[in-house]
Amino acid sequence: MNRERFWKYALPCLLTAALLGGCMAPPAPAPGIHRGPVLSRPVVTPPPSNSARAIATADSATATPQKTVRIGLLVPLTGREAELGRALRDAAAVSLFDKYTRLSARQQGVRVELLPRDTGDTPQQAAEAMEHALADGAAFIIGPLFAEATSAAAPRARAKDISVLSLSNTRTQASPGTYMFGFSPAEQAERVVSYAIAAGKPRIAVLAPGDALGNIVLTAARNAARHQGFELAAEATYLPQGADIEGALNRLMPPGTAPAFDALLIPEGGPALDTLLRGLSARGVTPGSMQFLGTGLWDDAELLQRVALDKAWVASSPPELTGAFDRRFRETYGYTAPRIASLAYDAVALAVTLATSGRPFDAATLTQKAGFSGPTNGIFRLRANGLVQRGLAVMEVHGRSLRVISPAPAGF
């Protein structure tokens with residue numbers, strides 16, 4: 001069996017063994033807390049066979065490690081978001097494996113262990129998960145996923161001078177040492193609005209939900225337009241969950257008038273999007289007659305299957321990278337990764353890169369000016385204030401796929 005086929009068939013068994021604690025026994029869970037298994041340095045277990053010698057190792061994985069670095073992974077493994085949490089854990093596991101298959105023998109002397117800890121449904125559970133990760137020696141924390149969990153858990157790590165890479169995108173949670181690694185709708189809006197103006201469509205309107213996300217995008221769009229010397233041509237908001245959409249459409253385009261804009265930004269991806277598109281179509285505004293603009297919410301294969309957005313422009317991560325991750329994940333686990341799972345993959349890749357190169361997880365390292373290159377979402381740079389800057393591409397929707405019309409930058 002050649003090397004490529006060996007890894008293809010061995011990897012699922014490796015990950016199963018790791019998740020079951022096959023690499024080392026997990027610590028005993030505290031009462032009422034699902035501590036989770038320890039994902040350790042890869043040990044490859046081939047598919048079951050009659051052979052008693054059914055265990056193989058990856059390169060030098062049998063060697064005694066010279067150093068062990070533990071990384072906390074705080075995700076919801078029980079409760080309402082358990083399915084999403086398991087996908088994040090799966091992405092983290094395959095990232096750990098992929099990184100080790102590319103390391104030199106010297107780098108493999110550093111053993112990186114992931115410590116999944118369950119944040120459950122409440123901030124209190126998240127805080128307890130953080131305490132257990134820190135007690136087990138975590139030198140760096142990936143997660144939690146949500147803003148409330150981050151607010152409760154991150155200060156406990158910062159009190160011990162441990163950096164936190166939250167998977168949330170809530171800007172108000174960002175602070176020195178607590179980095180918001182989630183996708184930024186503000187950054188996506190700025191990128192697509194700036195591109196539209198440069199492409200000759202300076203009269204831009206925004207139709208957004210009147211909630212925190214909508215306000216963030218609306219502010220970002222205003223700033224991007226002003227930076228180019230323009231003001232938004234029109235803007236309208238509707239109540240969360242899609243209420244008052246008809247009124248918002250009338251405010252955007254008073255009855256009996258033609259659109260006073262060249263492009264329309266809609267930061268919506270839920271059921272309200274269908275209602276918006278029907279209302280706009282009834283007024284003669286469609287992706288075929290007007291340049292539609294979208295954020296990363298439209299970088300979603302299921303959404304593009306559901307709604308017709310042909311010719312719309314979307315700002316998001318480079319599709320060649322996200323596509324490769326999607327295929328890798330699906331081949332490994334047999335199900336489609338939620339878009340956010342790619343963040344866990346990149347976060348673990350960063351942690352392994354730093355650990356195996358002997359660099360600390362301190363502010364000077366994490367906020368280096370050149371930034372880093374994420375395997376699934378491209379270049380990013382952590383800022384001293386806790387926010388993340390990403391190199392985004394602009395893509396055009398073609399049927400059910402995306403094609404790059406403005407590549408992501410190669411560097412900052």
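Ala, Val, Leu, Ile, Met, Phe, Trp, Tyr, Cys and Pro count here as nonpolar; Asp, Glu, Lys and Arg count as charged; the others, Gly among them, count as polar. Keep these classes in mind. The structure above is a predicted model.

Start with the largest pocket. About 1,700 Å³ of space lies in it. It is lined by 48 residues. Closest to the pocket's centre are G296, L297, D300, R339 and I340. Now sort the lining by class. It holds 20 nonpolar, 17 polar and 11 charged residues.

Which elements supply the lining of the largest pocket? At least two residues each come from α4, α5 (185-198), α6 (212-227), α9 (301-306), α10 (319-333) and β15 (401-406). Helix α10 gives the most, with six residues.

Helix α4 takes us to the next stop. Two packed helices are described by the angle between their axes and the distance between the axes. Take helix α3 (residues 123-135) and helix α4 (residues 147-158). Their axes come within 8 Å and cross at roughly 30°. Angles under 35 degrees count as roughly parallel, so α3 is roughly parallel to α4. The crossing of the two is right-handed.

Which residues of α3 and α4 meet? From α3 come P123, A126, A127, M130, E131 and L134. From α4 come E148, A149, A152, A153, A154, R156 and A157. By class, this contact has 10 nonpolar and three charged residues, and no polar ones.

Look back at α4. This helix meets α3, and it also supplies at least two residues to the lining of the largest pocket.

Technical notes:
Residues are numbered from 1 along each chain as its sequence is written. This is a predicted model: local features need pLDDT of at least 70, side-chain atom pairs count only at pLDDT 80 or more; totals for chains, interfaces and linings use all residues. Side-chain values use heavy atoms; hydrogens and water are left out. Axes are lines fitted to C-alpha atoms, for helices over the stretch in contact, and angles run from 0 to 180 degrees between N-to-C directions. Helices (H or I, at least four residues) and strands (E, at least two) are DSSP runs, numbered from the N terminus. Angles under 35 degrees count as roughly parallel, over 145 as roughly antiparallel, 65 to 115 as roughly perpendicular and the rest as oblique. A crossing is left-handed if the near helix is turned anticlockwise from the far one by less than a right angle, and right-handed if clockwise. Contact means heavy atoms within 4.5 Å. On a 1 Å grid over the protein atoms alone, a cavity is a set of points where a 1.4 Å probe fits but cannot get out, and a pocket is an open set with protein on both sides within 12 Å along at least five of seven lines; lining residues have an atom within 4 Å of a point. Grid points are joined across faces, edges and corners, and a volume is the space filled by probe spheres set on the points.
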